[in-house]
Amino acid sequence: MTAPLVEMRHISKSFGAVTALNDVSIALDPGSVLGLVGDNAAGKSTLMKVLAGAILPDRGEILIDGARASYTHPIGARDAGIEMIYQDFALVPDLTVAQNIFLGRELTRKVAGLTVLDRQTMNARSEALFGALGLRVPSVRLPVLSLSGGQQQAVAIARATGFDARLVIMDEPTANLGAPAIEKVRETITQLKSNGVSVIIISHRLEDIFAIGDHFVVMKQGRVVGRRHVGDTENAEIVEMIVTGRDPRLSGGEAA
Ligand SMILES: Nc1ncnc2c1ncn2[C@@H]1O[C@H](COP(=O)(O)OP(=O)(O)OP(=O)(O)O)[C@@H](O)[C@H]1O
Ligand SMILES: [Mg+2]
């Protein structure tokens with residue numbers, strides 16, 4: 001039996017008096033798409049920030065390929081192949097598309113013994129990346145602030161997927177997008193999956209998970225309250241778990 005790509009075990013995290021995560025465990029296989037759903041303040045973003053190295057948990061551990069991971073920073077998570085697209089995309093508006101793509105991993109070249117940024121190569125590689133992903137922006141030389149919401153989402157996806165990611169976490173990737181842009185995001189996720197990349201999508205839009213996902217994990221008030229295969233559930237059941245925080249299949253509707 002092969003180990004899951006990623007396991008989070010018994011993760012807990014409090015912010016002062018607020019318990020954001022209370023003994024949460026999830027596992028994810030390579031090339032699978034997990035929908036992480038739940039009401040506001042359920043702890044979804046916090047759980048994923050822990051996985052992406054942006055928040056240190058109070059308790060619990062993360063295993064990658066069955067081995068304990070010890071990163072304490074997003075750069076360490078990225079080195080392990082884990083990329084996160086944050087709810088607000090975390091792009092730098094004044095920088096160009098290509099500069100955002102290569103933020104924190106800029107390419108350089110030597111000119112007369114001096115190290116300078118290699119903008120040409122970064123622009124060319126950014127263009128190639130958008131082409132390979134089937135995503136479009138007007139120009140990789142434009143500042144991100146001049147792009148539409150859907151185009152900014154494309155930049156965030158390209159940045160997260162362009163560098164050998166094994167797991168891409170997307171926090172509300174289809175919120176505020178129009179129908180064509182939503183379809184594009186869905187296609188990109190399906191393409192990542194067919195390349196063996198795993199994806200975790202946080203979404204309030206259950207139809208996105210039903211369309212392209214494999215599993216649901218439902219959270220409420222810092223706990224996992226239910227898990228389902230997409231093919232073995234329906235919208236009403238997921239909504240019920242989100243609202244009540246109970247799995248109706250467990251002992252007459254009692255909480256686990
Ligand atoms: N940095 C922080 N400092 C203090 N409290 C926080 C912090 N981050 C999250 N919380 C709290 O932890 C709880 C879980 O928040 P989280 O953002 O993980 O929820 P969520 O499920 O992503 O919700 P939403 O669907 O609204 O994005 C909330 O009560 C929130 O107020
Ligand atoms: Mg959130």
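By class, the shell around ligand 1 holds five nonpolar, five polar and one charged residues (Ala, Val, Leu, Ile, Met, Phe, Trp, Tyr, Cys and Pro count as nonpolar, Asp, Glu, Lys and Arg as charged, and the others, Gly among them, as polar). This is a predicted model, in which local features need pLDDT of at least 70 and side-chain atom pairs count only at pLDDT 80 or more, while totals for chains, interfaces and linings use all residues. Residues are numbered from 1 along each chain as its sequence is written, and chains are lettered from A and ligands numbered from 1 in the order in which they are written.

So who sits around the ligand? The residues surrounding ligand 1 are Phe-15, Val-18, Ala-20, Gly-38, Asn-40, Ala-41, Ala-42, Gly-43, Lys-44, Ser-45 and Thr-46, where being near means having a C-beta atom, placed from the backbone, within 6 Å. Strand S2 and helix H1 (44-51) each supply at least two residues of that shell, and H1 gives the most, with three. Helices (H or I, at least four residues) and strands (E, at least two) are DSSP runs, numbered from the N terminus.

Helix H1 is also mostly covered, with eight of its eight residues buried. A residue is buried if 20 or more other C-beta atoms lie within 10 Å of its own, exposed if 12 or fewer, and partly exposed in between, with C-beta atoms placed from the backbone. The buried residues of H1 are Lys-44, Ser-45, Thr-46, Leu-47, Met-48, Lys-49, Val-50 and Leu-51. Just after H1 comes Gly-53, with a positive phi of about 80°.

Zooming out, the protein chain has eight helices and 12 strands. Its radius of gyration is 19 Å, close to the 18 Å that the globule rule gives for 256 residues, so the chain is as compact as a globular protein of that length; the radius is taken over C-alpha atoms, and the rule is 2.2 Å times the number of residues to the power 0.38. Along the principal axes, the C-alpha atoms fill a box of roughly 75 × 40 × 40 Å. Of the 256 residues, 40% count as buried. Among contacts with a separation of 6 or more, 63% come from residues 24 or more positions apart, a contact being two C-beta atoms, placed from the backbone, within 7 Å.

Next, the helix pairs. The axes of H4 (residues 119-133) and H5 (residues 149-161) come within 10 Å and cross at roughly 100°, which makes H4 roughly perpendicular to H5. Axes are lines fitted to C-alpha atoms, for helices over the stretch in contact, and angles run from 0 to 180 degrees between N-to-C directions. Angles under 35 degrees count as roughly parallel, over 145 as roughly antiparallel, 65 to 115 as roughly perpendicular and the rest as oblique. Leu-129, Phe-130 and Leu-133 of H4 meet Ile-157, Ala-158 and Thr-161 of H5, a set of five nonpolar, one polar and no charged residues.

The axes of H5 and H6 also come within 10 Å but cross at roughly 10°, making H5 roughly parallel to H6. Here Gly-150, Gln-153, Ile-157 and Thr-161 of H5 touch Ala-181, Val-185, Thr-188 and Leu-192 of H6, with four nonpolar, four polar and no charged residues.

Most residues other than glycine have a negative phi. Asp-23, in strand S2 (residues 18-28), has a positive phi of about 60° and is partly exposed, with 14 other C-beta atoms within 10 Å. Glu-172, in the loop between strand S9 (167-171) and helix H6 (179-194), has a positive phi near 55° and is buried, with 20 other C-beta atoms within 10 Å.
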